[in-house]
Structure formats: C-alpha cells, structure tokens
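These are my notes from going through one structure. I wrote down each thing I looked up, in the order I looked.

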Amino acid sequence: MYYYKDNPNIIVFDHPLLKHKITLMRDENTGTNEFRKMVEEIAMLMGYEALNDLPTENVTVKTPIETCESPVISGKKLVVVPILRAGLGMVEGILHLVPSAKVGHIGLYRDPETHQPHEYYCKLPSSLEERLIVVTDPMLATGGSGTAAVDFIKQHGGKHIKFLSIIAAPEGIEALAKAHPDIQIYVAQVDRELNKDAYICPGLGDAGDRIFGTK
C-alpha cells in the first residue's frame, strides 16, 4: 500500500492478487459471472485491510483447554452503503468479513450530458453517528457520485466514513478528497485519466452493466 500524493487519507493498494484480478476484469471478453465474482473478491481483499482499525474489546471465552480473555469487535455494527447500482457488487465481499454489518443504500444516476449525480433513493440505518460506514463504488470517475453519497451520509449523522473503490481516475480521487478531506479513501488501482465522456481510461467499461449483464 502507499499514500496517494502523500495524503495519509488516500490509500492505494498494490497487492499482486488485486493487480491480477483487475487485469482479468479489464478484459472485454470476461463474462458477467466471472466479473461479478472478481468484484466481490477484490472488495473482500480491500475490506480486510481497510477494516484493520476496527475497535475491539475482550470477552471471556471457555476453550476446550481453559478459560481466557479474547478480543471481539466492539461498538455499534458496521454499515456498508453501496452506491447503486454498481456498488452492490462489492457488498457481499465486505459481508463475508463482517456478516453482522447493516446495509444502507444510496441511489444515484449520472446525467449523460452534465455528468452530475442525481439522487433517486436513500435508505440508511439509524444511529449513523455511532457507526463506522463503508461506502462502496467500483469506479471513482469524476468523484461527483462519491461526493454526493458522502454528503447524504453526513446529513444523516454519519461521521466515521471509509470509501472503497476498485478503479479511480486522478480527477475523482482529488475531487472526493477535496470535498471530504476527513474521510479515508481506499483504491485498488489509479488509472490514467477521464475521457471526454467522463469514463475512466483505460478502465473496464461500465461496471454496473458488467456486474449485472445489462447494456
């Protein structure tokens, strides 16, 4: 891992397993089932590292040998908030790590001409101010949707927020970090740039379409 432009709140992974899986995902010949599985696997690998600061507390456990004190995750349950619809593909990967996590949803669509995000759905668990919130979106392009999603979460009381994205453009990272410098941003791959249509290059196409097999 390394910090993007020395910003300790922007963490970029460089694990060979992640690089390998992202290469397979980029291939236009990779089918829906395989693509969906790799999104889930990458989310789990990213989540394992991103959640390494979860608070713990000791409980008493009786093993077959003796009684001991052993740590468990403490505090309110984790919340995973996918940005619909592509962010849904990353949820199961996080839930494999923390099955008790709650799941909220934020629905945004991008205007094809202005590239600005528009909300159409927002449903979040209660007591967000006491929870760690993990926002998922496979692609961080302009940063507009990510910024809007974090805005909504903060409006509902969320304070402790991590943003997980598989592939990001420099423009998106910088926009999200500028709008919300207090959150942690985790990225598996930083690509070259956005094209005139605000797609990440070289990217992997529309992640939502490839996850769900739509056009």
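I count a salt bridge when a side-chain nitrogen of Lys or Arg is within 4 Å of a carboxyl oxygen of Asp or Glu. The model is predicted, so I took local features only at pLDDT of at least 70 and side-chain atom pairs only at pLDDT 80 or more, while totals for chains, interfaces and linings use all residues. Residues are numbered from 1 along each chain as its sequence is written, and side-chain values use heavy atoms, with hydrogens and water left out.

**Salt bridges**

I searched the whole structure and got eight salt bridges. I looked up three of them.

In one of them, Asp-197 pairs with Lys-196, N to O 3.5 Å. For exposure I call a residue buried under 20% relative accessible area, exposed over 50%, and partly exposed in between (1.4 Å probe, protein chains only). Lys-196 is exposed at 73%, whereas Asp-197 is partly exposed at 38%.

Glu-193 and Arg-192 also form a salt bridge, 3.3 Å from N to O. Arg-192 is exposed, with 56% relative accessible area; Glu-193 is partly exposed, with 35%.

Lys-154 bridges to Asp-182, with 2.8 Å between the closest N and O atoms. What does this pair tie together? I take helices (H or I, at least four residues) and strands (E, at least two) as DSSP runs numbered from the N terminus. Lys-154 is in helix 4 (residues 144-155) and Asp-182 in the loop between helix 5 (170-179) and strand 12, so the bridge ties parts 28 residues apart in sequence. Lys-154 is partly exposed at 28%, and Asp-182 is partly exposed at 46%.

**Nonpolar cores**

I define a nonpolar core as buried Ala, Val, Leu, Ile, Met, Phe, Trp, Tyr and Cys residues joined through side-chain atoms within 4.5 Å. The largest one has 37 residues, and Met-25, Met-46, Leu-78, Leu-164 and Ile-166 have the most contacts inside it. Elements that each supply at least two of its residues include helix 1, helix 3 (88-97), strand 11 (160-168) and helix 6 (207-212). Helix 2 gives the largest share, seven residues. Another core, apart from this one, has 28 residues, among them Tyr-4, Ile-106, Leu-124 and Ile-153.

I then listed contacts (heavy atoms within 4.5 Å), leaving out residues up to four places away in sequence. Met-25 touches Phe-35, Met-38, Val-39, Ile-42, Ile-166, Leu-204 and Arg-210. Thr-30 touches Leu-24, Phe-35, Met-38 and Arg-210. Thr-30 sits in the loop between helix 1 (16-26) and helix 2 and is buried at 12%.

**Aromatic pair**

Rings of Phe, Tyr and Trp (its six-membered ring) pair if their centres lie within 6.5 Å; planes under 30 degrees apart are stacked, over 60 edge-to-face, and the rest tilted. I found one aromatic pair in the structure. The ring centres of Phe-13 and Tyr-186 are 6.0 Å apart and the planes are at 20°, so this pair is stacked. Phe-13 is in the loop between strand 2 (10-12) and helix 1, and Tyr-186 is in strand 12, 173 residues apart. Both Phe-13 and Tyr-186 are buried.

**Surface patch**

Patches take residues with over 30% relative accessible area and no salt bridge; like charges are joined within 9 Å, nonpolar side chains (Val, Leu, Ile, Met, Phe, Trp, Tyr) within 5 Å. Areas are Shrake-Rupley values with a 1.4 Å probe, and for residues only the protein chains shown count as cover. Met-44, Tyr-48 and Leu-97 make a nonpolar surface patch with about 290 Å² of accessible area together. Met-44 is in helix 2 (residues 32-50) and is partly exposed at 30%.

**Backbone**

Most residues other than glycine have a negative phi, and most peptide bonds are trans. I therefore noted the exceptions below.

- The peptide bond from Leu-84 to Arg-85 is cis, omega near 5°; Arg-85 is in the loop between strand 5 (79-84) and helix 3.
- The bond from Cys-201 to Pro-202 is cis too, omega near 0°; Pro-202 is in the loop between strand 14 (200-201) and helix 6.
- Lys-5 has a positive phi, near 50°, and is exposed at 62%.
- Ala-198 has a positive phi, near 65°, and is buried at 6%.
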